[in-house]
Amino acid sequence: MFRKILVANRGEIAIRVMRACRELGVSSVAIYSEADKNALFANYADEAVFVGPSPTSQSYLKMENIIKAALDTGAEGIHPGYGFLSENPVFARLCEENGIVFIGPASYSIDAMGSKITARQTMKAAGVPIVPGVEKGISDPQEVEEIAEQVGFPIILKPAAGGGGIGMKIVDGPQDLASALSSSQSIARSAFGDDTVYVEKYLPEPRHIEFQIMADNRGNTVYVSERECSIQRRHQKLIEESPSPVMTPELRKKMGDIAVRAAKAIRYRSAGTVEFMYSRGNFYFLEMNTRLQVEHPITEMVTGIDLAKEQIMVASGEDLGFSQDEIEIRGWAIECRINAEDPLRDFAPSPGKLRRYRSPGGPGIRVDSGVYTGYVIPPYYDSLISKLVAHGRNRAEAIVRMQRALYEYIIVGVETNIAFHKAVLRNDRFRQGDINTHFIKEENIMDDVKKVAQEDMVKGATLASSLGADTRKIAAIAAAVDSYLSATQIVPGNSVKGKS
Ligand code: MV4
């Protein structure tokens with residue numbers, strides 16, 4: 001086992017990994033930027049190394065500084081968390097070259113999943129079902145049209161070097177092909193420096209279901225249940241749950257075995273996630289993420305497996321601590337990503353000082369966060385305040401527990417997306433588990449977000465009044481809120497337009 005690990009990340013995931021280190025008796029080293037000098041994670045670690053005068057995310061991308069920090073402190077391993085350098089094969093190789101263990105997969109595996117086209121080729125060769133389409137870059141509209149005639153419209157164009165939906169174009173017929181292709185290529189060129197685009201059959205109303213993989217150095221590879229991540233807005237996941245409402249034991253085994261086959265095809269080691277698109281009873285490989293994901297806590301809550309500790313143990317050379325048959329799913333877990341964003345202003349980031357912060361607790365609640373009362377959320381990084389996780393015996397109990405936890409959450413000083421989560425959790429279709437990746441638009445969730453915000457405001461004013469606060473002031477606040485909300489008209493497409 002390692003004596004010391006450097007965590008090359010920030011915020012909640014840095015603390016999450018440091019907690020795993022502490023439980024394993026491993027000393028932890030934080031790296032921090034100017035903007036994070038008062039952050040909780042930097043103070044939680046046993047040691048902290050300043051790596052960035054620049055208060056931007058560049059500090060967490062400067063490979064040489066991070067390697068130097070590890071060598072100077074004697075850290076034998078580096079855990080990259082998610083984002084930043086977590087899926088950068090150059091960094092993984094740099095660690096290896098400096099005799100530092102990259103706590104994740106071998107750089108070969110990261111390379112293999114880096115390009116969406118080579119990933120599709122590799123998966124197809126391994127017998128993993130992929131979406132009908134082609135496994136090479138296309139640049140000629142005529143060629144795209146021939147493929148579309150084969151697989152049938154609608155099709156979707158995807159940048160090979162991309163991800164997260166950037167540059168994707170859904171094409172309903174030949175008349176839109178040429179313009180869609182050139183648009184997708186130019187977005188890919190500017191966003192990824194590579195205009196290679198490939199084609200897939202467009203799947204109607206797909207669900208995003210992903211399988212957690214855990215593998216050791218000797219090839220022991222298991223799937224650690226699945227997660228449903230269909231509640232997403234502009235490709236940003238907002239609510240995830242495990243297990244998936246659509247899963248059956250038979251389908252779980254079928255998809256899980258395919259996910260293991262995908263991992264073995266690239267000699268995977270460590271924690272990873274195989275993403276599938278599920279549509280009308282069929283499932284298809286979408287991509288594989290070669291990192292520990294944001295939403296890993298829901299898997300930990302239903303299986304009892306500590307994925308961050310398993311990653312560290314496997315990276316230190318130990319075999320997996322369990323076999324496939326020993327993995328059991330107990331109950332249900334839901335995660336809400338609590339972001340400092342204003343849902344009434346098109347989810348605009350809302351950095352700033354947390355004047356008051358009190359996180360929920362009680363039965364079945366886990367809060368992974370890196371903030372505290374008085375902390376200033378910087379504008380340079382993602383807007384994640386916390387991951388609020390609720391576990392129950394079944395989905396209904398997990399939902400009502402999450403609603404109770406959201407009611408308890410006190411965050412004063414920045415806007416948050418809590419009203420969004422309340423709106424989804426009270427939606428009948430959501431409560432029936434009938435969701436897909438277009439759910440937010442199909443259910444006009446944003447209209448209900450406004451109602452939730454107004455209800456909360458009235459409840460707050462009523463409570464304040466019953467506690468003896470000055471009712472005149474409350475009336476003035478309520479009037480001001482009303483005029484603000486009426487000024488922000490929610491229009492289709494979730495864009496919020498103030499009155500001209
Ligand atoms: C798809 C798809 C339908 N058919 N692929 C890929 C990235 C992921 N975040 C969403 N992606 C999709 N891939 C096929 N063959 C539907 C989605 C998708 C989506 C695509 C474009 C615009 C918005 C979307 C929202 C959810 C899912």
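Helices (H or I, at least four residues) and strands (E, at least two) are DSSP runs, numbered from the N terminus. With that in hand, here are some notes to read beside the structure.

1. **What you are looking at.** This is a predicted model, in which local features need pLDDT of at least 70 and side-chain atom pairs count only at pLDDT 80 or more, while totals for chains, interfaces and linings use all residues. Residues are numbered from 1 along each chain as its sequence is written, and side-chain values use heavy atoms, with hydrogens and water left out.

2. **Domains.** The chain is split into domain 1 (4-103), domain 2 (132-201) and domain 3 (207-441); these bounds come from an automatic or database domain assignment. Between the C-alpha centres of domain 1 and domain 2 there are 38 Å.

3. **Where does the ligand lie?** The ligand lies between domain 2 (132-201) and domain 3 (207-441), because both give residues to the shell around it. That shell has 13 residues, and the closest are K158, E200, K201, L203 and H235. Two strands, β6 (155-159) and β8 (197-201), each provide at least two of the shell residues.

4. **What kinds of residue make up the shell?** Seven are nonpolar, three polar and three charged. Here Ala, Val, Leu, Ile, Met, Phe, Trp, Tyr, Cys and Pro count as nonpolar, Asp, Glu, Lys and Arg as charged, and the others, Gly among them, as polar.

5. E200 places a polar side-chain atom 2.8 Å from a nitrogen atom of the ligand. K201 uses a polar backbone atom, 2.8 Å from a nitrogen atom of the ligand. In H235, an N or O atom of the side chain is 3.0 Å from a ligand nitrogen atom. Of the 530 Å² that the ligand exposes when taken alone, the protein buries 88%; the areas come from the Shrake-Rupley method with a 1.4 Å probe, and for residues only the protein chains shown count as cover.

6. **The sheet with β6 and β8.** Two strands pair if DSSP finds at least two bridges between them. Three strands form an open sheet in the order β7-β6-β8, with antiparallel pairing. At its edges are β7 (169-171) and β8, each pairing on one side only. On average, neighbouring strands here are turned by 25° against each other, direction ignored; axes are lines fitted to C-alpha atoms, for helices over the stretch in contact, and angles run from 0 to 180 degrees between N-to-C directions. Five bridges join β6 and β8 in the antiparallel sense, and I156 stands opposite E200 in β8.

7. **The eight-stranded sheet.** A second open sheet, also antiparallel, has the order β13-β12-β9-β10-β11-β14-β21-β19. Its edge strands, β13 (282-289) and β19 (365-369), each have a single partner strand, so one side of each has no neighbour in the sheet. β10 and β11 pair in the antiparallel sense over four bridges, with R233 opposite Q236 in β11.

8. **Backbone details to look up.** Most residues other than glycine have a negative phi, and most peptide bonds are trans. The peptide bond from F153 to P154 is cis, with omega near -5°, and P154 lies in the loop between α7 (141-151) and β6. The bond from S242 to P243 is cis too, with omega near -5°; P243 sits in the loop between β11 (236-242) and α9 (249-265). R234 has a positive phi, near 50°, and belongs to the loop between β10 (221-233) and β11.

Methods: Near = heavy atom within 4 Å. Polar contact = N/O pair within 3.5 Å; in protein donor to acceptor, adjacent residues only side chain to side chain.
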